[in-house]
Amino acid sequence: MMIAGLCAMGAMVGSFLNVCASRLPKGRSLWMPGSACPACGSPIRWYDNIPVLSFLVLQGRCRDCRGRIAWRYPIVEMGTALLFTLAYIQIGWHSDLPLALFLLSALIVITAIDLEHQLIPDRITLPGIVAGFAGSALLGRGSWFNSLLGILLGGGAFFLVIVLSGGGMGGGDMKLGAMLGAFLGWKLLLLGLFLAALLGGAVAVALLVAGRKGRKDPLPFGPFLAFGGAISLFWGEGILRWYLSGFAN
Ligand SMILES: [Zn+2]
């Protein structure tokens with residue numbers, strides 16, 4: 001029952017996250033006006049706005065102009081449903097759950113926007129830092145001090161990279177690092193950064209070898225940070241315990 005509920009809620013939240021991903025980079029309001037087809041401008045009817053199902057029924061095309069609907073829409077809706085369900089399975093009915101759902105939602109929008117526009121909007125990360133800190137202090141298992149250390153480490157690590165590399169990373173990555181730290185606390189943040197660097201490095205090398213990207217082409221780092229942060233959120237405690245137990249032997 002709960003799992004079906006979380007899955008449905010995830011799909012509906014995912015639908016809203018799609019609106020955020022389309023409108024935030026353009027500085028448009030999230031609430032007004034209602035959704036419309038980007039190709040022909042016809043308003044989307046409520047029965048054509050049902051997560052995933054409408055995309056299947058319409059076969060990925062606008063009902064009015066037959067223009068293609070981006071794959072991002074069903075992918076974000078299904079992805080959010082999946083991650084919300086996973087969060088419930090991993091965390092259970094705990095005061096950490098709303099914090100986790102909030103973090104995952106922010107990470108999904110950031111991933112979608114960074115992949116499409118190579119930017120990470122302050123309108124997500126700055127409120128995210130505040131929400132992660134306040135949430136950890138009031139609700140979460142983590143303490144406010146742990147959250148504060150996470151913010152300083154996450155922001156500080158990227159600040160160093162930016163200074164040392166002369167702009168190899170953007171300020172958006174720095175604020176995302178601080179946001180992850182605010183939610184995860186310093187230990188899980190470090191694990192998340194490590195996983196992000198590992199995966200980002202592997203993908204960069206793979207793209208280079210495959211000739212899909214040159215050495216100078218930018219590769220948005222936000223999606224890797226989001227991935228590392230989500231893994232750390234779900235399995236970080238276990239991974240750290242396993243890792244530290246290796247030293248005891
Ligand atoms: Zn249309």
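Trainee: Where is the place of Pro33?

Mentor: First, this is a predicted model, in which local features need pLDDT of at least 70, side-chain atom pairs count only at pLDDT 80 or more, and totals for chains, interfaces and linings use all residues. Residues are numbered from 1 along each chain as its sequence is written, and side-chain values use heavy atoms, with hydrogens and water left out. Pro33 is joined to Met32 by a cis peptide bond, with omega about -15°. Helices here are DSSP runs of H or I, at least four residues, numbered from the N terminus, and Pro33 sits in the loop between H1 and H2.

Trainee: Is Ser42 buried or exposed?

Mentor: Ser42 is in the loop between helix H1 (2–23) and helix H2 (53–57). Buried means under 20% relative accessible area, exposed over 50%, and partly exposed in between (1.4 Å probe, protein chains only). Ser42 has a relative accessibility of 16%, so we call it buried.

Trainee: Which side chain does the side chain of Ser42 make a polar contact with?

Mentor: Contact means heavy atoms within 4.5 Å, and leaving aside neighbours within four places in sequence, Ser42 touches Ala36, Cys37 and Asp64 in that sense. A polar contact needs a pair of N or O atoms within 3.5 Å, one able to donate a hydrogen and the other to accept it. At 3.3 Å, the polar partner for the side chain of Ser42 is the side chain of Asp64.

Trainee: What is the relative accessible area of Gln59?

Mentor: Gln59 is in the loop between H2 and helix H3 (72–91). Its phi is positive, about 50°, although Gln59 is not a glycine. Gln59 counts as exposed because its relative accessible area is 63%.

Trainee: Where is the kink in H7 centred?

Mentor: Helix H7 (residues 171–209) has 39 residues, yet its end C-alpha atoms are only 28 Å apart, short of the 57 Å a straight helix would reach. That expected span is 1.5 Å times one less than the number of residues. A bend is the angle between axes fitted to the seven residues ending at a residue and the seven starting there. In H7 there is a kink of about 125°, centred on Gly185.

Trainee: How far apart do the C-alpha centres of domain 1 and domain 2 lie?

Mentor: An automatic or database domain assignment sets the bounds, giving domain 1 (1–93) and domain 2 (96–249). The contact takes 22 residues from domain 1 and 17 residues from domain 2. As for the C-alpha centres of the two domains, the distance is 24 Å.

Terms used:
Helices (H or I, at least four residues) and strands (E, at least two) are DSSP runs, numbered from the N terminus.
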